[in-house]
Amino acid sequence: MSRKMTLEDVDFSGKRVFCRVDFNVPLNDRQEIEDDTRITAALPTLRYIVDHGGRLILASHLGRPKGKPEDKYSLAPVAPYLAKLLGRPVAMAKDCVGPTVIALTNEMNDGDVLLLENMRFHPGEEKNDSAFSRELAQLADIYVNDAFGTAHRAHASTEGVARLLQPAVAGYLMGKELEYLSGALADPKRPFVAVIGGAKVSDKISVIENLLNKVDTLIIGGGMAYTFLRSQGVDVGKSLVEEDRIELAGRLVEQAKQKGVNLLLPQDHVIAREFKADADHKICDNTDFEPDWMALDIGPLTISGYEKALREAATVVWNGPMGVFEFDAFAKGTFAVARTLAEAKATTIIGGGDSVSAVKKAGLEDKMSHISTGGGASLELLEGKDLPGVAALTNK
Ligand SMILES: Nc1ncnc2c1ncn2[C@@H]1O[C@H](COP(=O)(O)OP(=O)(O)O)[C@@H](O)[C@H]1O
Ligand SMILES: O=C(OP(=O)(O)O)[C@H](O)COP(=O)(O)O
């Protein structure tokens, strides 16, 4: 993709800036923010705009309201939280379009911050409706997109407005995410190793197909490994297997061979009698699976093989857990990968979703080169797709 304009390419002084952020943060029952990672990740961009005299109009979605207002999805709790982080007032608008909002934006002074209410309270947002995009575009002079986590959505505030408000530029978080994730795929330091896990092959087929053209080693773990093992004739008992993907998994193994990619599958497993935190469990290898048991984690031999490949890597991308890490008894494989990456000399990129939760649970966030703020968006990049929210930005 062409290089996009960035914050430094624009004079923000006295300008109204429509800045799309991803403040889709988890809230608890008391409407308190449970994880502020996405808010703190956007701060460098927000500070740059206000420090350069911009009038900052923030736009985000929260949750998945169905095109109409719902109290539990209000962004109101974010305004005071952000005000504390920024050390300046953050006004909260009751809506994101309409005369009252226009009046609020007209009253702003340089350096003021206004948070608009949830974009998804309007059906036009997810439909990328042009009339709704025009209403949003009316509010500002310049467009900034720092919402990497939502960049795979072609919605009004992520795509439509960017086409109407020029220049449309990438914020720092967006730039950093693309630098790591697209950078790793375009020009990785080698050996380049990808670790792909999680529940199902079907969710990650395109990722695996794309990575087979890029990586030196592909490590497979988690539930999806058992469809791969079945394709190799291993009897995997009651482990998670997608019957309709066995043939495809076999073809991917063949492709890896043809392309000279070192594909690593689990050699031993922690198997359990049932899918429960305190289930009876033991270790088995590929020759002695119990017919009525299921694999819920990779075994010790597999862990040491995977650790060795990771220690030799220069670039690692990780997406998806190695086992049912939510249950302590089956979290060893996932935490071993997290620890090995934390100690590795490689550039380590954690591509969103459950692998990020695992790294955070292990307290190892600070030891990774990059932890993505977008699960879906990083997967689409790993699939080799362009992100609509990025494509719509102004080329350099
Ligand atoms: N061996 C396994 N059997 C069943 N489920 C598994 C297994 N290994 C991992 N999982 C489950 O996969 C889920 C994560 O899968 P997925 O949503 O595809 O990953 P991600 O969110 O990282 O993309 C976790 O809830 C985990 O418990
Ligand atoms: O949380 C998000 O994505 P993620 O769960 O894939 O990381 C983004 O805010 C996008 O939200 P959406 O998947 O409701 O469009």
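Between which domains does ligand 2 lie, and why? Domain 1 (7-174) and domain 2 (188-382) both give residues to the shell around ligand 2, so ligand 2 lies between them. The structure described in this report is a predicted model.

## The two domains

The domain assignment of the protein chain gives domain 1, which covers residues 7-174, and domain 2, which covers residues 188-382. Their C-alpha centres are 36 Å apart. The contact between the domains takes nine residues from domain 1 and five residues from domain 2. On the side of domain 1 that touches domain 2, helix α1 (residues 37-51) gives the most, with three residues. By class, this side of domain 1 has four nonpolar, three polar and two charged residues.

The largest nonpolar core has 124 residues. The residues with the most contacts inside this core are V17, F18, C19, I57, L58 and V316. Helix α7 (residues 172-186) gives the most to the core, with seven residues. Because domain 1 (7-174) and domain 2 (188-382) both give residues to this core, the core lies between them. Leaving out residues up to four places away in sequence, F18 touches I57, A59, L136, L139, A140, Y143, V161 and L165.

## The surroundings of the ligands

The residues around ligand 2 are D22, N24, R64, G149, T150, R153, G352, G374, G375 and G376. By class, this shell contains no nonpolar residues, seven polar residues and three charged residues.

Ligand 1 is surrounded by 18 residues, of which the closest are G198, A199, G223, G353 and D354. Strand β12 (294-298) and helix α13 (354-361) each supply at least two residues of the shell around ligand 1. This shell divides into six nonpolar, nine polar and three charged residues.

## Positions listed as a binding site

An unreviewed UniProt entry lists D22, F23, N24, R38, H61, L62, G63, R64, R120 and R153 under "binding site".

H61 lies in the loop between β2 (55-59) and α2 (78-86). Is H61 buried or exposed? H61 counts as buried because it has 27 C-beta neighbours inside 10 Å. Apart from residues up to four places away in sequence, H61 touches N24, N118, M119, R120, E125 and T150.

L62 is also placed in the loop between β2 and α2. With 24 C-beta neighbours inside 10 Å, L62 therefore counts as buried. Its contacts, again without residues up to four places away in sequence, are F23, N24, Y73, L75 and N118.

## A contact across the chain

G237 is found in the loop between α9 (225-231) and α10 (246-259). G237 has 17 C-beta neighbours inside 10 Å, so this residue counts as partly exposed. The C-alpha atoms of G237 and W293 are separated by 5.6 Å, although the two residues are 56 residues apart along the chain. Leaving aside neighbours within four places in sequence, G237 is in contact with I271, F289, E290, P291, D292, W293 and M294.

## Backbone features

| Residues | Feature | Value |
|---|---|---|
| Q166 and P167 | cis peptide bond | omega about 0° |
| R190 and P191 | cis peptide bond | omega about 5° |
| Q31 | positive phi, residue other than glycine | phi near 60° |
| N128 | positive phi, residue other than glycine | phi near 55° |

P167 is found in the loop between α6 (156-164) and β6 (168-170), and P191 lies in the loop between α7 and β7 (192-196).

Q31 is in the loop between β1 (16-20) and α1, while N128 lies in the loop between α4 (123-127) and α5 (130-137). N128 has 19 C-beta neighbours inside 10 Å and so counts as partly exposed; a residue is buried if 20 or more other C-beta atoms lie within 10 Å of its own.

How values were computed: Residues numbered from 1 in each chain as written. Chains lettered and ligands numbered in written order. Predicted model: local features only at pLDDT ≥ 70, side-chain atom pairs only at ≥ 80, totals over all residues. Near = placed C-beta within 6 Å. Nonpolar A, V, L, I, M, F, W, Y, C, P; charged D, E, K, R; others polar. Domains from an automatic or database assignment. UniProt positions renumbered as here; feature names shortened; annotations may be inferred. Helix = DSSP H or I, 4+ residues; strand = E, 2+ residues; numbered from the N terminus. Buried ≥ 20, exposed ≤ 12 C-beta atoms within 10 Å, placed from the backbone. Contact = placed C-beta atoms within 7 Å. Core = buried A, V, L, I, M, F, W, Y, C linked by C-beta atoms within 7 Å.
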